[in-house]
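Try each task before you read its solution.

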Amino acid sequence: LLQLYAPLNFLGSIYSSIRNSLVDLEHMLGLLDETVEVVDPAHPLPIAARLHDAPPVSVEFRDVHFGYRRDREILHGVSFTVPPGKMVAIVGPTGAGKSTISRLLFRFYDTWSGQILIDGHDVRDYRQADLRAAIGVVPQDTVLFNDTIGYNIAYGRLGATEAEIEHAARLAQVHDFIMSLPEGYATRVGERGLKLSGGEKQRVAIARTILKDPRLLILDEATSALDTHTEREIQAALGAVSAERTTVVIAHRLSTVVDADEILVLAGGLVRERGRHADLVARGGLYAAMWAAQDAGQTPDVTAESVAHTV
Ligand code: ATP
């Protein structure tokens, strides 16, 4: 019986990490209690998950219409392209449909009409598990497991070496913080351990994603205001994870989008403006109004209601 104990215990811990990871994924995308209706194709196309094994992906939304309920369309024909390795930022008032775009990329739902293409193929041609393995998400609010901070990073790619974990933590600007903890990487965090601040948790999530090395990155920026120092550290961490990687940013602070290759201003389920920061400011439209409001310190959050009124 004793001989059976170790393998059973091992299986138990695998089961619990799989269950945790599903809960984490669902939680980060706000999907708990929702039914998922998408089905895998009979003959799925292969897709490499890691950037290490393949170049960055291209992403295209082609006239996408979608709603959660039949009687309410949320996206009314959204089109945009993210070339391999580039960054597209989506800004717009609350309820515009920004997070909906990231859920569709993950294929948590199918579009009503139009297409979502990754590497030139419809997301419906891939197996869901493969698609999700190829996409990394840095969510607004990361769920930390009741485990060590090292495990919380390693979970991005179970089996990573200590050196790889530390390298990811350094890139994510969280290594020095971890070293200042009483037990370093072995410090327990989460509900039953040390509580981390929003900025620290987000950098752990970034380190986790650097380790996962996905070909497509979705950053769902935290809405909470950050102090200048934290903001700078997060910016540097985001720079490290998005470099050379196809990135879609759901942006709440305009400081993140200034360097994006293209900014989409989404309002009322439609892309109202698109372009680079300087062009959009010069155009004097919606984006320029958001920028002026943020600059004047009226609203640090580009999703604020005041912007909705200008639409
Ligand atoms: P925010 O900046 O506030 O996060 P957002 O632009 O990301 O907003 P979405 O979360 O994409 O907006 O929501 C777009 C619209 O879809 C909203 O009106 C929202 O109420 C609705 N919605 C979002 N999720 C669901 C759902 N699971 N079921 C029904 N309606 C939903």
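**Exercise 1.** Which residue in β5 does Leu-117 stand opposite?

Solution. Note before you start that the model is predicted. Step one: find strand β4, residues 113-118. Step two: look across to β5, where the two strands pair in the antiparallel sense over 2 bridges. Step three: read off the partner. Leu-117 stands opposite Asp-122.

**Exercise 2.** In what order do the 4 strands of the open sheet lie, and which are the edge strands?

Solution. Step one: trace the order, β2-β1-β4-β5, with antiparallel pairing. Step two: look for strands that pair on one side only. These are β2 (75-82) and β5 (121-122).

**Exercise 3.** Which way do the residues of strand β6 point, and are they buried or exposed?

Solution. Step one: recall the rule. In a regular strand, side chains alternate between the two faces of the sheet. Step two: apply it to residues 135-138. Ile-135 and Val-137 point one way, Gly-136 and Val-138 the other. Step three: check burial. All of these β6 residues are buried. Step four: find the neighbour. Strand β9, residues 216-220, runs parallel to β6, joined by 4 bridges. There, Ile-218 is the bridge partner of Val-137.

**Exercise 4.** Which residues come nearest the ligand?

Solution. Step one: take the 12 residues around the ligand. Step two: pick out the nearest, Tyr-68, Thr-94, Lys-98, Ser-99 and Thr-100. Step three: sort the shell by class. It has 3 nonpolar, 7 polar and 2 charged residues.

Notes:
Residues are numbered from 1 along each chain as its sequence is written. This is a predicted model: local features need pLDDT of at least 70, side-chain atom pairs count only at pLDDT 80 or more; totals for chains, interfaces and linings use all residues. Two strands pair if DSSP finds at least two bridges between them. A residue is buried if 20 or more other C-beta atoms lie within 10 Å of its own, exposed if 12 or fewer, and partly exposed in between; C-beta atoms are placed from the backbone. A residue is near a molecule or strand if its C-beta atom, placed from the backbone, lies within 6 Å of it. Ala, Val, Leu, Ile, Met, Phe, Trp, Tyr, Cys and Pro count as nonpolar, Asp, Glu, Lys and Arg as charged, and the others, Gly among them, as polar.
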